[in-house]
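Me: I have a structure open and have never looked at it before. Can you walk me through it?

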Amino acid sequence: MDQTPGRMLGQPLSSPATQPKKRSTSVMSFFSKVSWNLRLQKQEPLKNVFFILAETARDPSVKKRHMVMRGLGTMACETPDKVRKYKKIILDLLVHGLYDPVSSEVIHESMKTLTIILGKMQGKALGSFFIDITLQTRTLLDDENDSLRYSAFVLFGQLADLAGRKWRSFFTRQVKQTQDSLLTHLQDRNPQVAKACKTTFRACSPYLRQSKDYSFQNEEDQRNPKLCRQLVSERGQETFFQSLRSRCRC
């Protein structure tokens, strides 16, 4: 995804071009309608608000889709009890935003909100959303956009802590496929991304430990040149990652 020239990490991603006044007014009206404050919740049933959000999350307007993700983030901070009650609906909307086919703004806002919500939920009742979130987040670790990379590393590290027994095998495979990204971005051009990568590497290090027994099972194995090369390679990788894990603890 393209990165806006001159934008520093931490600054908001570039907004779409200014819309006509009429359209801008309607967007602001929508944002007021879905803002998560107690006054709104007294005025309008919460289920109706979710219906509006679900419909608008698929709106052609990037600005409206972005506002949905931001609105969910506000709700997560202000009314965490509602997050727990409607977690499946909220996660479905956020995953939809995470896979937005056009806008890096929508994706970035989705990741930031997911980080907040997963922290509130402590990984409970994620279900198959864990797979959807992990697969897409992993693809963003090498994105050209600094903000996306940073948020992706933060979220991926959080997923490492939440995998648990149910998703450990799946997440182990994902981490092993991410080794190159983890190693590359330890020295990322952006120091904040490098720092986030280091934290994530520590969180992922248990999944990088080799569980295989590096030994021959019989004499026939010893005479197998392909197996010999494989074992030597795996032993070398394990030594390398042990060294790297030690460095990342510093």
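**Salt bridges and the rest**

Reply: Start with glutamate 109, which counts as buried at 8% relative accessibility. Buried means under 20% relative accessible area, exposed over 50%, and partly exposed in between, with a 1.4 Å probe and protein chains only. This is a predicted model, where local features need pLDDT of at least 70, side-chain atom pairs count only at pLDDT 80 or more, and totals for chains, interfaces and linings use all residues. Residues are numbered from 1 along each chain as its sequence is written, and side-chain values use heavy atoms, with hydrogens and water left out.

Me: Which residue forms a salt bridge with glutamate 109?

Reply: Lysine 112 does, with the closest N and O atoms 3.7 Å apart. A salt bridge here is a side-chain nitrogen of Lys or Arg within 4 Å of a carboxyl oxygen of Asp or Glu. Both residues lie in helix α7, three residues apart, or about one turn of the helix. Lysine 112 is partly exposed, at 35% relative accessibility.

Me: How many salt bridges does the count come to?

Reply: Six. One of them joins the side chains of aspartate 100 and arginine 65, at 2.7 Å from N to O. That pair links distant parts of the chain, 35 residues apart: aspartate 100 is in the loop between α6 (87-98) and α7 (104-121), and arginine 65 is in helix α4 (residues 62-78).

Me: Are those two buried or exposed?

Reply: Aspartate 100 is buried, with a relative accessible area of 8%. Arginine 65 is buried too, at 9%.

Me: What about arginine 149, which residue does it form a salt bridge with?

Reply: Aspartate 188, with the closest N and O atoms 2.9 Å apart. This pair also links distant parts of the chain, with arginine 149 in helix α9 (residues 146-162) and aspartate 188 in the loop between α11 (179-184) and α12 (191-208), 39 residues apart. Arginine 149 is buried at 1% relative accessibility, and aspartate 188 is buried at 11%. Both belong to a network of salt bridges that links Asp146, Arg149, Asp188 and Arg189.

Me: OK, helices or strands? How many of each?

Reply: The chain has 14 helices and zero strands. Helices (H or I, at least four residues) and strands (E, at least two) are DSSP runs, numbered from the N terminus.

Me: And what is in the largest nonpolar core?

Reply: It has 52 residues, and those with the most contacts inside it are Ile90, Met111, Leu126, Phe130, Ile133, Phe171 and Val175. Elements giving two or more residues to this core include α3 (46-56), α8 (129-139) and α10 (164-177). Such a core is a set of buried Ala, Val, Leu, Ile, Met, Phe, Trp, Tyr and Cys residues joined through side-chain atoms within 4.5 Å.

Me: What does leucine 126 touch?

Reply: Leu91, Leu118, Met121 and Ile133, leaving out residues up to four places away in sequence. Contact means heavy atoms within 4.5 Å.

Me: Last one: how much of the chain is buried?

Reply: Of its 250 residues, 46% count as buried.
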